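Here is a structure to look around in. Open it up, turn it a few times, and then read on.

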Amino acid sequence: MCDQTFVAITFGPCDSCSQNKPLMNIYLQNEPVNYCSLCVELMACQGLAKGETVSTLRAESENLKAKLEEERAKLHDVELHQVAEKVETLGQFVIKTRRTLKGHGNKVLCMDWCRDKRRMVSSSQVIMRSAAVCVLQEHAVTMPCTWVMACAYAPSGCVIACGGLDNKCSVYPLSLDKNENLAAKKKSVAMHTNYLSACSFTNSDMQLLTSSGDGTCALWDVESGQLLQSFHGHSADVLSLDLAPSETGNTFVSGGCDKKANVWDMRSGQNIQSFETHESDINSCRLYDLRADREVAIYSKESIIFGASSVDFSLSGRLLFAGYNDYNINVWDVLKGTRVAILFGHENRVSTVRVSPDGTAFCSGSWDNTLDFNPV
Amino acid sequence: MEAGKVYSSNTVLQARKAVEQLRLEAGLERIKISAAAAQLVQYCQENRRGDPLLTGIAASSNPFKDKKTCVLL
């Protein structure tokens, strides 16, 4: 397990003053430059209005944050579960694990469904694996790094992307030929300066969105490996991302260790909205509404003392599946805020929970080295 | 996984960026929870029939129902 992050410091000529100094990698209008710390300060101070200093800016920051909280509090006229009172209560939720996939020799860290709903890709400490649900046609690909934390299926179902501690996201074309050496066809697309935590194709096989322990998210062109857009705003590792479900939509959300969930515009790189949680908010799942720009429901119980690592909605949005570090999956009624089922299927932390694209099943991956497939 | 460290900084650049971002967020148009909640309830209700995990599905149309023979892809 990676407990330490090492920051590599570059030393060399500053792009601004040409002196050899320790350099900071910064972005000016989305272009990466290397400035020494003195030049960074000078440049920033040039834009200062009269009388502005770090402390006045900080004070204004605090002011704006307080105003933001005030505005958000004004919207809190009712609770979601109150509005949902007249909605009929859900019947007993019964689901049976149909198949447990045991091929991984190590902790399962991530999984993704193929749009054909019959295949999945999952990744673990050493091997990334593509499995067909009904049949055991599988490819095992060895990665040069130990933790493959992210994996994703391309919309076409012909390509898989994955990465982890190697700081990269690579794509592999899939083949029905079991003997084919997939690793040989690997193509590196994304390069971060720290571990890759999550990846997802956009609406096509051509673009890949990644998030990283280096605190950024990025959009890449798969063919050329070119960086199309970078997203800066998190002040710590970004652990997850998800795209907005619309066909034409161009937004995605990212979650970071800075306790923030940021909504981004994919074209401009702009951080549109940001949701922050507090120190005391542990072991709960929260629902944020983008139009109300605030939290509208909390899913928690006193008996749940471990955090949730992964969540996914059912197709209508009524059910929320959440995998926890206490080895269980809790199923929540999103509208009423109540828990409708606890699923005990795993013998270690649940690391990933995903509902299939057609909503007829969900899959859970765990540190107990297995994947549980649960159909209706 | 241990939470990553927060990269804090005293630079003017960071402070200005933070202020600019907050100004942007302050300008957002927001709706009340009552309105948002009503829309959430409506969406869930409208889509409930198309949610197999919610309603359960007939065995004949279940793509994952155990078949007698397995097909190699």
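What follows is a walk through the two chains, from the overall make-up to some single residues.

First, some ground rules: this is a predicted model, in which local features need pLDDT of at least 70 and side-chain atom pairs count only at pLDDT 80 or more, while totals for chains, interfaces and linings use all residues. Residues are numbered from 1 along each chain as its sequence is written, chains are lettered from A and ligands numbered from 1 in the order in which they are written, and side-chain values use heavy atoms, with hydrogens and water left out.

Let's start with the make-up of each chain. Chain A has three helices and 29 strands; here helices (H or I, at least four residues) and strands (E, at least two) are DSSP runs, numbered from the N terminus. Chain B has three helices and zero strands, so its pattern along the sequence reads simply α-α-α. Of the 376 residues in chain A, 49% are buried, where buried means under 20% relative accessible area, exposed means over 50%, and partly exposed is in between (1.4 Å probe, protein chains only). In chain B, 27% of the 73 residues count as buried.

Chain A has an accessible surface of about 17700 Å², with 51% of it belonging to carbon and sulfur atoms. For chain B the accessible surface is about 4900 Å², and carbon and sulfur atoms account for 53%. These areas come from the Shrake-Rupley method with a 1.4 Å probe, and for residues only the protein chains shown count as cover.

Now for the strands. Strands of a sheet pair through backbone hydrogen bonds, either parallel or antiparallel. In chain A, look for an open sheet of four strands in the order β9-β10-β11-β12, with antiparallel pairing; two strands pair if DSSP finds at least two bridges between them. Why do β9 and β12 of chain A each have one side without a neighbour in the sheet? β9 (148–153) and β12 (187–191) of chain A stand at the edges with a single partner strand each, so one side of each is left open in that way. From one strand to the next, the twist averages 25°, using axes that are lines fitted to C-alpha atoms (for helices over the stretch in contact) and angles that run from 0 to 180 degrees between N-to-C directions. Within this sheet, β11 (residues 168–173) and β12 of chain A pair in the antiparallel sense over four bridges, and Val171(A) stands opposite Lys187(A) in β12(A).

Further along chain A, β19 (residues 260–265) and β20 (residues 271–276) pair in the antiparallel sense over five bridges. One bridge links Asn262(A) with Ser274(A) in β20(A). The two strands form a hairpin with five residues between them, and Gly269(A) in the turn has a positive phi of about 85°.

What about the inside? In soluble globular proteins, nonpolar side chains tend to be buried together. The largest nonpolar core here has 21 residues, and those with the most contacts inside it are Leu80(A), Leu287(A), Tyr299(A), Trp332(A) and Leu335(A). Such a core is a set of buried Ala, Val, Leu, Ile, Met, Phe, Trp, Tyr and Cys residues joined through side-chain atoms within 4.5 Å. At least two residues each come from α3 (80–83), β21 (285–289), β22 (294–299) and β24 (319–324) of chain A, and from α2 (33–47) of chain B. The largest share, four residues, is supplied by α2(B). A second, separate core of 16 residues includes Ala152(A), Val159(A), Ala190(A) and Leu208(A).

Next, pick out Cys199(A), which lies in strand β13 (residues 196–201) of chain A. Cys199(A) is buried, with a relative accessible area of 10%. Its contacts beyond four places in sequence include Cys151(A), Cys162(A) and Cys169(A), contact meaning heavy atoms within 4.5 Å. Cys199(A) and Cys151(A) are 48 residues apart in sequence, yet 6.3 Å apart in space, C-alpha to C-alpha.

Finally, find two loop residues. Ser18(A), in the loop between β1 (10–13) and β2 (20–28) of chain A, has a positive phi of about 65° although it is not a glycine. Ser18(A) counts as exposed at 55% relative accessibility.

Asn369(A) sits in the loop between β28 (361–366) and β29 (371–375) of chain A, and its phi is also positive, near 75°. Asn369(A) is partly exposed, with a relative accessible area of 23%.
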